[in-house]
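Me: I would like to learn how to read a chain interface and a helix. Can you take me through one model?

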Amino acid sequence: MTESSGRGRIGVLAIQGDYAAHADALAEAGATPILVRKPEELRELDGLILPGGESTTILRFLEKHNFLEELRQFCSSRPVFGTCAGAILLSREVRNPQQPSLAVLDARIERNAYGRQIDSSIVNGETTLPGGALEMVFIRAPRFLSLGADVEVLARREQDPVLVRQGKVMAATFHPELSSDRRVHQAFVDLVARFRKD
Amino acid sequence: MPEMNGKHQLASTQLRLKVGLAEMLKGGVIMDVMNVEQARIAEEAGAVSVMALERVPAMIRAEGGVARMARPGLIKQIIQAVSIPVMAKARIGHFAEAQILQELGVDFIDESEVLTPADETHHIDKHAFTTPFVCGARNLGEALRRIAEGAAMIRTKGEAGTGDVVHAVQHMRQIVKEMKALTVLSEQELYAAAKEHQAPYELIRMVAHTGKLPVPNFSAGGIATPADAALMMQLGAEAIFVGSGIFMKERATPLDVENNPTERAEAVSRAKAIVTATTHFNDPKILAEVSEQVTGTMKGLAAAALEESQLLQTRGW
């Protein structure tokens, strides 16, 4: 077995959004990225990233192609990581406006919570990941309104939780794939590797 | 002039945020809309963004007159109606229209040749804005000049308002070919290449190292069918703009989506089909299915039959 396959085959949902940036980030973190556009392509994977993009666009697509149910099953058995739009798709309840979701992360989330593009920002925030403060790129970002008791906060923007984990589900309201710091993707690759061993 | 980091990427915070939003739109379809109902249909069909404008290019072409920025009232209504990003067009060089659009909270400003140019020498200094800009280009030099001025996204120009994809193809091939050619040049040859393309040396060097534009490259102008969208994606476009192709019936007559259920259904079917084709651009089986499902297509206008003076794409320099 090669080193890369040892770290896991990690899919990136490539319906729409910055999936190419995630694929590059995964490769840099030592995993083998695989672009996923059809439900049957989920079968061979050890983990999956739901990228940033427009959550309505991705949702419409998933609903149309009976993809949503397959994805929900995938999320209940293997590690997933959602950023921005991906975090919205994973959360139990979505506001502004209300919309359906995979509901595998015990969280309430509000879309476009910081404003429009003009309010997008890059900030440094505290994280429990080793290595000090983390650069966070927020683009028309959502915000977690509340988190379940089982959800661990891995990073904050001032008071707001922005990187969280519940079991094998990780979610970020910012875009680690748009920074050069690979600690967040590394944490997910490690989660996938740990889960493969268990 | 954009700064770069060691990896030949744009470095300033402002520009990273602007390009960041463009990244989020990749693989998607941006649809021209003229009213709230069209905007809702676009969002429902899976558009990643809508472009708010008074008249789509096919109507501007047919009706003539000065084409300007859309009314602020219309833009505000559309911003209220949808949760996806909203774009709007400013005339080339008309930085006051751009200031107004930024103030209205538009997420992306298109400095567009589809509107009547306001300045025949200068484009807008796009670094002066917080809102990102998209600009059209027909060749690499034009694309890099726009990026030097601060554009965060390039859309390869087709001939807007025709439903004829031929110029979108020609210019996408042109830009891709020119980028490929740069990658095989030696460092010394890049200075002369910058002179030939009439573009800043730093950007030429960036393209030579990466083989692609430093900002996302989308395709626009004349895309009217799911097959057109798939063609442009296969040729290297990272997302698709559809203008007159979804909501137009005849040359200057839009489908009546507000009062006529059949025409509304036709617009919905075209919009959904182009969205699906853009995601599955490399899957002929799915392309065949969505092409079959779509009802009706904009009639169109052969671009070869247009006089040079009727072309919109030659605006901008």
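The dialogue below turns to the interface, then to one helix.

Reply: This is a predicted model: local features need pLDDT of at least 70, side-chain atom pairs count only at pLDDT 80 or more, and totals for chains, interfaces and linings use all residues. Residues are numbered from 1 along each chain as its sequence is written, chains are lettered from A and ligands numbered from 1 in the order in which they are written, and side-chain values use heavy atoms, without hydrogens and water.

Me: What area is buried between chain B and chain A?

Reply: Buried area is the accessible area (1.4 Å probe) that two parts lose on being put together, summed over both. Here that is about 2,800 Å², with 56% from carbon and sulfur atoms. In chain B, Arg16(B), Leu17(B) and Met24(B) lose the most area to chain A, together 24% of what that side buries.

Me: How many salt bridges cross the interface?

Reply: A salt bridge puts a side-chain nitrogen of Lys or Arg within 4 Å of a carboxyl oxygen of Asp or Glu. The rule finds five between chain B and chain A. Arg116(A) and Asp107(B) form a salt bridge at 2.5 Å, N to O.

Me: Which residues of helix α10 of chain B are buried?

Reply: Helices are DSSP runs (H or I, at least four residues), numbered from the N terminus. Buried means under 20% relative accessible area (1.4 Å probe, protein chains only). In α10(B), residues 226-234, the buried ones are Pro226(B), Asp228(B), Ala229(B), Ala230(B), Met232(B) and Met233(B). Their packing partners in chain B include α7 (166-183) and α13 (284-293). Gly236(B) follows α10(B), with a positive phi near 120°.

Key: Buried means under 20% relative accessible area, exposed over 50%, partly exposed in between (1.4 Å probe, protein chains only). Helices (H or I, at least four residues) and strands (E, at least two) are DSSP runs, numbered from the N terminus. Contact means heavy atoms within 4.5 Å.
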